[in-house]
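Please keep the sequence and the model open as you read.

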Amino acid sequence: DILESLDNGVRSLVKNGAHVIWFITPEHASRMYLNKMAGLSAQYENFEYQLAQITLRINQDFPGSLDLWDVATCKKALLEQVPASPDQTMKYFFDSNHFTPAYGALLANAMLEGHVDDQISAVKINPETVDKNQTKDWEACHTGLDSELQKIVDENAKDRCRVNRQWCKNL
């Protein structure tokens, strides 16, 4: 299983003295909304909880060796306007899943230096805090979508439904 492999890989690193920092990958709000529509929110939350459990176990064996950050909370950068034209680009995302170096710099500053602002947040999480409003706030991000983004998201959902009817059950 992938989580067991992840646990073993991180343990190997910390056994050799490494301090490991991992983070929940940010997604653009449009992707978060599509995940919610597909009924994947609970699975995502469970995955995040399992990562927190691994972090706790490794830190019990190797105190202070592993940090888990949630940098995917709903902030302005995740709500960046999706361009109407494919010739235009976003500042923080190449697409809904892949962030740009500009966003990467914000992530590094947040996790390593503690710098957060209205563009980004970074919360160190563990099993006790993972469910306390420190995971992705699907509803807040959905509410933050403007009508144009909503239209794009809806069109993407319709296209996906044409390909995979099972995916559309929750629409």
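Throughout, a residue counts as buried under 20% relative accessible area, exposed over 50%, and partly exposed in between, with a 1.4 Å probe and protein chains only. Helices (H or I, at least four residues) and strands (E, at least two) are DSSP runs, numbered from the N terminus. The model is a predicted one, in which local features need pLDDT of at least 70 and side-chain atom pairs count only at pLDDT 80 or more, while totals for chains, interfaces and linings use all residues. Residues are numbered from 1 along each chain as its sequence is written, and side-chain values use heavy atoms, with hydrogens and water left out.

Start with the overall plan. The chain holds six helices and three strands, and its elements follow the order α-β-α-α-β-α-β-α-α from the N terminus. Of the 171 residues in the chain, 42% are buried.

Now turn to the sheet. Two strands pair if DSSP finds at least two bridges between them. The three strands make an open sheet with the order β1-β2-β3 and mixed pairing. Its edge strands, β1 and β3, each pair on one side only. Between β1 and β2 there are five bridges in the parallel sense; here I21 stands opposite D67, and F23 stands opposite W69.

How much of β2 is covered? Five of the five residues of this strand (residues 66–70) are buried. L66, L68 and D70 point one way from β2, D67 and W69 point the other way, and all are buried. For β1, by contrast, one face is covered, with V20, W22 and I24, and one is uncovered, with I21 and F23.

Let us move on to the helices, where the expected span is 1.5 Å times one less than the number of residues. Helix α1 (residues 2–15) has 14 residues and should therefore span 20 Å, which agrees with the 20 Å between its end C-alpha atoms. Its buried residues are L3, D7, V10, R11 and V14. These residues lie on the same side of α1, because they cover an arc of only 105° around the axis. Such an arc is that of the directions from the helix axis to the C-beta atoms.

Helix α3 has 21 residues and so should span 30 Å; its end C-alpha atoms are 31 Å apart, which agrees. Among its buried residues are Y44, E45, E48, L51 and I58.

Helix α4, with 13 residues, should span 18 Å, and the 17 Å between its end C-alpha atoms agrees with this. Y103, L106, L107, A110 and M111 are its buried residues. Seen down the axis they fall within an arc of 120°, so they line one face of α4. The face turned away from this buried side carries the exposed residues P101, L112 and E113.

In the loop between β2 and α4 (101–113) you will find A77. Its relative accessibility is 0%, so A77 counts as buried. The C-alpha atoms of A77 and D118 are separated by 8.2 Å, although these residues are 41 apart along the chain.

On a 1 Å grid over the protein atoms alone, a pocket is an open set of points where a 1.4 Å probe fits, with protein on both sides within 12 Å along at least five of seven lines, and lining residues have an atom within 4 Å of a point. Grid points are joined across faces, edges and corners, and a volume is the space filled by probe spheres set on the points. The second largest pocket has a volume of about 150 Å³. Of its 12 lining residues, F23, I24, T25, Y44 and F47 are the closest to its centre. The elements that give two or more residues to this lining are β1 (20–24) and α3 (41–61). By class, the lining has eight nonpolar residues (Ala, Val, Leu, Ile, Met, Phe, Trp, Tyr, Cys and Pro count as such), two charged ones (Asp, Glu, Lys and Arg) and two polar ones (the others, Gly among them).
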